[in-house]
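I opened my notebook to look up a few features of this structure.

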Amino acid sequence: MNYGKRGIVNQAKAISSGTNRWGKKFSLFGFCFLLATVIGVMIIGASAGIGMFNGIKDTAPDVGDIDVSPKGMSTFVYDKDGNATRKLVAKDSNRIPIGREQIPDDLAHAFVAIEDERFYEHNGIDIQGIIRAGFKVITSGNASQGASTITQQLIKNNVFTDWVTETNLLQKGKRKIQEQYLAMQIEKEYSKDEILTEYLNTINLSQNCLGVEAAARRYFNKHAEELTLSECAVIAAITSAPTRYNPINNPDNNAVRRQIVLQKMVEQGYITQVEYDQAKADDVYSRIQTVNEESNEDNAVNTWFDDALIDQLLKDFQDKLGMTKEQATAKLYSGGLKILSTQDPHIQEICDRVYANEEIYPAGTKYLLNFALTVKKADGSTQNYSSEMLEVYFKDESHDTPYTSKGFNRLFDSREAAQDCADYYQECVVEEGDEVVGDPHVRIIPQPQVSLTIEDQHTGHVVAIIGGRGEKEDNRAFNRATASPRQPGSTFKIMSTYLPGIDSGKITLASVFQDVPTAYSPGGKVVRDWWGSSNGEWYTARRAIARSANVPTVQMYAVVTPELGYEYLKKLGFTTIVGEEGYKGDKAVNDIHLATALGGLTKGVLNVELNAGFATIANGGEYIKPKLYTKVLQPDKNGGYEVLLDNEAPESTRVISEAAAYILTDAMKGVVSGSQGTGTSVNFGTTPIAGKTGTTTDYNDVWFAGYTNYYTATTWTGFDNNEKLKSSKEKNFSKEMWRAVMEEIHKDLPSSDFPQPSSGLVKATVCSESGKLPIPGVCDGTLTTELFVEGTEPTETCDVHYQGEICAFDGRPASEWCPFKTQGVVATHPAPPPEVARLYVNGVQDNSAYTTTTDEEGNTVQVPNTCHHTNEFMQQDGIDGILAGERAEMERRAAEAAAAQAAEGGDPNGAPPAPPGPPGQPTPAPIPEDVAAGN
Ligand SMILES: [Zn+2]
Ligand SMILES: [Zn+2]
């Protein structure tokens, strides 16, 4: 609407220019036509037109119902300290509404001057403008410069939002009449300032900016209220054709229009000639380019935390507010929301810094090539190529390429090598006549990869997340902390076995199991330990945790039962554990079996969920669903905010007793600070730490999950493509990262021990070899004090140690007929419970000192399992010869033992010579051949 003096001159020039001869020829005819039209309109308007207008007007929205406020608004994410950390925008929502007081007068005047110079005089429609525009349509055939007032533009943008899809003139005409009618109504309801403010918050200002505040930040990195006159003119220049006048891409076009804006401001008396000259001299466009390069926040990639938060919000909007996925997305990206996240900027900064330091990673970083390509084949079909196809291609030995190898795994020693391979593959598969659609999607990702979750176990607030290593190039990328399940290895022993076992009382920390060859099912796959084959040692649960012993853990899980374990895992919030309903292809699979004890799962677990499992123990046995935000606020009708979603209250469940939690913590302190602990390297020493190492059998995944009385953190390392971690540095790297971040987080926090519950916990002195009540005078050398959940402390007496008459030949309690009785103490071990015995690969050898039975009054009694010198044995023929043979055998054993001791120079610890047959490893009494022969 260039109707200032200069504008008319310019238009006249345009009309007479060579490119617009039609206009010239048309003008005379046009003038006559205009006259006829005006008369025609007057006649029609006086008769039928009024009825038609009323009809259209009546179908217009009621002025009381319409909302002229802009709809799409940017959402902001705030960290725990209230800092805005992220702006979420959709195509139609990069808008930050501001009030009239934040809009400088120069900005308001610039828009009025260029868009609607009679804004302050007209009543919503600009009659003078309409006539002029009509003239223009007729003379130039150009209908693009309609005589829309600011009021009409506001209605067009916020009420008739589908105007961009109008296809025919009738629709357009109808809308135009309704728009004019509503504009007049709106002018009665709102002040000029209110209308102008809504308008300035609404308009499209290119570069995905809606409203002047978003534009001020985008182009000048400042608030609208800080804009200079020169800058105001740049923004006002954009609106009539946002793409053409985009000041970043088309600064020259914008500059021409900006000068018109300034000129009109002078003409209309808003600015002086001096102000005009100063503004005109301003080198505003180089400034815009600098801002564009330095702070293009809308193109910034989400952090890992942002990504996880967005996933969580979209899910919660659907689950808790009943939205569809599309509604949830629209709400999140254009609802103008304020999201109060749980992210702790201090802790996230530490994590980001530690994980960004390439020097901390194992030497020899590999690069994994991820690849995707779409090709339009010559025959018109579309073919997609993926990473998997690339891998298969180079594994195929019929392809003669430099990459061909059976072991091809998409890992390279450098980024360049990975890129070369991607280029080479593209050349291999794209044939002549094919058309590559877009650019190939190539991502080169450093390996091994990492993830980390840290939460405050007392609130369930996730305070920091690391979803991977290396530059994050994509939004909603593969998040290893929150979206990618991995096998949890030995960390899972605590979740699957020890937590349910101790809480249910099926095992205690004093329970004893033996590391003998054991299978996952009778006759099935044998359980392996990280130190190799079974060493025959006896493990209490406490020691099995500290040493991360596999075999005793599987045995204990057999006692706990996989069914009970699964019930607990569900309560601990694991969403990836497969229950009875699981299928892998057609085959039914689930995680309700003994391999789950060691974390051999169908899918694996998410870092954030494993962390929440450990946080449950750290929080005294109460599980809190980990959360990434506390509140979502949305704009209310009064310019303030109201709560859309309150996530403050914890979703919590008591999973285990406080006493059981304390006992588990106490046992896991042994992992970090015990002499046999597997996780001592994480101990930074300023506050007590409990935790568990985790390694899958073949070092595909290495974890550390642990906590202080402040925070629970879980680190994972592994290759995205499941290569094995090989070097010692790679294998210990999870612990190093855990220590690096947690040490710094706790730098200024005072030491704080885990609080002991005031009830439900008992201490008892037990015999460490049986886990039962000690026999006074007999178990004195093996006493230990252990913690028990009240009611699970042992009531039975030690069944390992026996004092009294011992058979010198077979080391068992002597029968009354035994010829080799001697006074002493023996340690043998009772047979395992039947659910464990059935898993023993070599069967169970009866080595117990006692058989537990019930007497006539129903009391449990322990009857000694005596030696083989039964009455019947002693009565047999040739018994003298048999006994002579046994005596000779005993002498031979004694001589051998003496020789062995002499060879070793004596036992430095002064331990007594081994009793006949090592404890727990029964030596069946060999019968000398001559005796057996019955001589
Ligand atoms: Zn004992
Ligand atoms: Zn005997």
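**Entry 1: Ser673.** I looked up how open Ser673 is. Its relative accessibility is 52%, so I wrote it down as exposed. The cut-off for exposed is over 50%. I then placed Ser673 in helix H24, which covers residues 658-673. I also checked a distance from Ser673 to Ala690. Their C-alpha atoms are separated by 8.5 Å, and the two residues are 17 residues apart along the chain. I note here that this is a predicted model.

**Entry 2: the zinc ion (ligand 1).** Which atoms coordinate the zinc ion (ligand 1)? I found Cys767 (SG), Cys779 (SG), Cys798 (SG) and His801 (ND1), at 2.1 to 2.2 Å. Next I looked at the angles. They run from 102 to 118° among the four donor atoms, and the site is tetrahedral. Along the chain, the donors follow the spacing C-x11-C-x18-C-x2-H. I then picked out Cys767 and Cys798, a pair that links distant parts of the chain. Cys767 is in strand S21 (residues 761-767). Cys798 is in the loop between strand S22 (783-789) and strand S23 (801-807). The two are 31 residues apart. Are Cys767 and Cys798 buried or exposed? Both are buried. For Cys767 the relative accessible area is 0%, which is why I count it as buried.

**Entry 3: the zinc ion (ligand 2).** I repeated the search for the zinc ion (ligand 2). Its protein donors are Cys807 (SG), Cys818 (SG), Cys867 (SG) and His869 (ND1). Why is the arrangement around the zinc ion (ligand 2) tetrahedral? The four donor atoms subtend angles of 105 to 116°, and that makes it so. The spacing of these donors along the chain is C-x10-C-x48-C-x1-H. Cys807 and His869 form a pair that links distant parts of the chain, 62 residues apart. Cys807 sits in strand S23. His869 sits in the loop between strand S26 (860-864) and helix H27 (871-875). Cys807 and His869 are buried. I checked Cys818 as well. Its relative accessible area is 7%, so it is buried.

Entry 4: How many disulfides are found in the whole structure? The search finds zero.

**Entry 5: helix H9.** I turned to helix H9, residues 212-220. Eight of its nine residues are buried, so the helix is largely enclosed by the rest of the structure. I listed the buried ones: Val212, Glu213, Ala214, Ala215, Ala216, Arg218, Tyr219 and Phe220. Just after H9 comes Asn221, with a positive phi of about 55°.

An α-helix has 3.6 residues a turn, so residues three or four places apart point the same way. Glu213 has 3% relative accessibility and so counts as buried. Arg217 has a relative accessible area of 25% and is partly exposed.

Entry 6: How many salt bridges does a search of the whole structure find? It finds 44. I looked up two more of them.

Arg469 and Glu358 meet through their side chains at 3.2 Å, N to O. Arg469 lies in the loop between strand S9 (461-466) and helix H19 (491-504). Glu358 lies in the loop between helix H16 (345-356) and strand S4 (366-376). The pair therefore ties together parts that are 111 residues apart in sequence. Arg469 is buried, with a relative accessible area of 3%. Glu358 is partly exposed, with a relative accessible area of 43%.

I then noted a network. Salt bridges that share partners join Glu117, Arg118, Asp126 and Lys264. Within it, the side chains of Arg118 and Glu117 meet at 3.9 Å, N to O. Arg118 is buried at 15% relative accessible area. Glu117 is partly exposed at 25% relative accessibility.

**Entry 7: a surface patch.** Last, I looked for a nonpolar patch on the surface. Ile127, Ile130 and Ile131 form one, with about 270 Å² of accessible area together. I placed Ile127 in helix H5 (residues 127-140).

How values were computed:
Residues numbered from 1 in each chain as written. Chains lettered and ligands numbered in written order. Predicted model: local features only at pLDDT ≥ 70, side-chain atom pairs only at ≥ 80, totals over all residues. Heavy atoms only, no water. Donors = N, O, S within 2.8 Å, 3.2 Å for Na, K, Ca; no water. Tetrahedral: all angles 85-135°; square planar, octahedral: opposite > 155°, others 65-115°. Helix = DSSP H or I, 4+ residues; strand = E, 2+ residues; numbered from the N terminus. Buried < 20%, exposed > 50% of the residue type's maximum accessible area, 1.4 Å probe, protein only. Patch = residues over 30% accessible without salt bridge, like charges linked within 9 Å, V, L, I, M, F, W, Y side chains within 5 Å. Areas by Shrake-Rupley, 256 points an atom, 1.4 Å probe, with all protein chains shown as cover. Salt bridge = Lys/Arg side-chain N within 4 Å of Asp/Glu carboxyl O. Disulfide = S-S within 2.5 Å.
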